[in-house]
2 protein chains.
Amino acid sequence: MELSVPQFDVVSNLFSFTIATMGAAALFFFLSRPYVGHKYRPALMVSGLVVAIACYHYYRIYESWHGAYRLNESGTAYVPTGAAFNDAYRYADWILTVPLLMVELIAVLALPRGEARSLLVKLVTASALMIGLGYPGEISSDTGTRWLWWGLSMVPFLYILYVLFTELTRSLERQPQAVRGLVSAARLVVLLTWSFYPIAYAILTVTGTKNPIGQVALQMGYTIADITAKAGFGLLIYFIAKLKSDTEAESEPLARPVSTGPAFA
Amino acid sequence: MELSVPQFDVVSNLFSFTIATMGAAALFFFLSRPYVGHKYRPALMVSGLVVAIACYHYYRIYESWHGAYRLNESGTAYVPTGAAFNDAYRYADWILTVPLLMVELIAVLALPRGEARSLLVKLVTASALMIGLGYPGEISSDTGTRWLWWGLSMVPFLYILYVLFTELTRSLERQPQAVRGLVSAARLVVLLTWSFYPIAYAILTVTGTKNPIGQVALQMGYTIADITAKAGFGLLIYFIAKLKSDTEAESEPLARPVSTGPAFA
């Protein structure tokens, strides 16, 4: 499969942009921890870990893209070097970060211990299963095999959406009024960005895995979805943590304001 | 020794996954220090150092793996480049991290000084000796030599298990009830994951060092054992530190809550 120069470049540039975005997001989430209430710092910690892990993997993905293609003699197209572009970096990333995204969401809600644990077990298990079941299909170029694993991977995904839109709704009612809108938005980000992955995967199954436009579109789609689902979602988590911290500081006037706590943590 | 493309890839991908996991674990342990009591911060510091050292070595191991094999002309198999895959990175890692894992365990128990010192001297010396005695066998392809050093290395290992399951048990009785289960779990992780190394080594001695399946299995086994024995063990140490901090904060109601202590440790 040959790529035109703009096809190769747009993907390479987007990968590099993602390294910068994820790295900056990691710094922001880690360094913002002292400015939210103690209860919400674990959520920011996990947000930071997710984008730090993604930053590393996009570095590997960028290198793998450059290792898989080389400019031909005439400089008119990129031809395969023989080394395959390594899809496994995405899955190594997802198996670590996707369960952590669920941890991040539950952590910022600061639910009672039993309730948090029950939601965590369900969401973390289902999300790890979803990624694990997707991989055998991703590395196959056989249409039947691809659809089989796609279907199996959709089962835990639909279960996650079910948990988020039924059980989580009950927990939401105990959140401060101002926060509910943001949590609903975070849940909507999960629904929309996570839906993108099976759609992109299905498109490539239809176009065939050896189609250059299909491949470029898949890489761009996965990457934009990763930025939204990790850095964008993390930013929403940060705003929820900030809003809850401020609300609680107001209702406990004797406590020191959250944002003036020891700032060197 | 030739490797199939999937054989080469699975090891390469697992090495990369380990770099990400160890790096993320290092960030987590270092950044979590302010959220446990002062007494337990050294344990988290050491946990962080262990996984940071491992992250570095897995980067080297990944590079060495890619330097030892190259894709053949037809892209169907990986053939040796002539540069040997460097086992020494593992031993350099272990000689630093394995004694530190013992320090981590003793540190989180916060034992009286004399008792801690006595356990530390025994466990640190024995663990360094265990690694040092394993190396001459690891680099040999002679079956007799491999068994000799394997046997010598087993002596300090059995001594470590003896200390952990006799002397440490006496110290355990002074730990809070809630903590004892976690400390026992940590000790069990040492028993199970550390046993894995001599078993994997013995299997390779039996299959012969030039067997591709034996080599791939050994690399995967060592790597999974490293993740469990370092990042997994560190996480247990973190939970012990957190539980002990919370228990102590509750029993001293006049003290400031642990989590609001000076956050710069």
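## Salt bridges overall

Across all chains of this predicted model, the count comes to twelve salt bridges. As background, side chains of opposite charge can pair when their charged atoms come close. Let's meet some of these pairs.

## A link between distant parts of chain A

Start with A:Glu115 and A:Arg174, whose side chains form a salt bridge with an N to O distance of 2.4 Å. This pair links distant parts of the chain, as its residues are 59 residues apart. A:Glu115 sits in helix H4 (residues 113–138) of chain A, while A:Arg174 belongs to the loop between helix H6 (167–172) and helix H7 (177–207).

Are these two residues buried or exposed? A:Glu115 is partly exposed, because its relative accessible area is 27%. A:Arg174 has 52% relative accessibility, so this residue counts as exposed.

Next come A:Asp226 and A:Lys230, which meet in a salt bridge at 3.2 Å, N to O. Both lie in helix H8 (residues 212–251) of chain A, and because they are four residues apart there, about one helical turn separates them. A:Asp226 is buried at 1% relative accessibility, and A:Lys230 is buried at 2%.

These two also take part in a network of salt bridges, linked with A:Arg90 and A:Asp93.

## The pair in chain B

Now turn to chain B, where the side chains of B:Lys230 and B:Asp226 meet in a salt bridge of 3.2 Å, N to O. They are four residues apart in helix H8 (residues 212–251) of chain B, so about one helical turn lies between them. Both B:Lys230 and B:Asp226 are buried.

Methods
Residues numbered from 1 in each chain as written. Chains lettered and ligands numbered in written order. Predicted model: local features only at pLDDT ≥ 70, side-chain atom pairs only at ≥ 80, totals over all residues. Heavy atoms only, no water. Salt bridge = Lys/Arg side-chain N within 4 Å of Asp/Glu carboxyl O. Helix = DSSP H or I, 4+ residues; strand = E, 2+ residues; numbered from the N terminus. Buried < 20%, exposed > 50% of the residue type's maximum accessible area, 1.4 Å probe, protein only.
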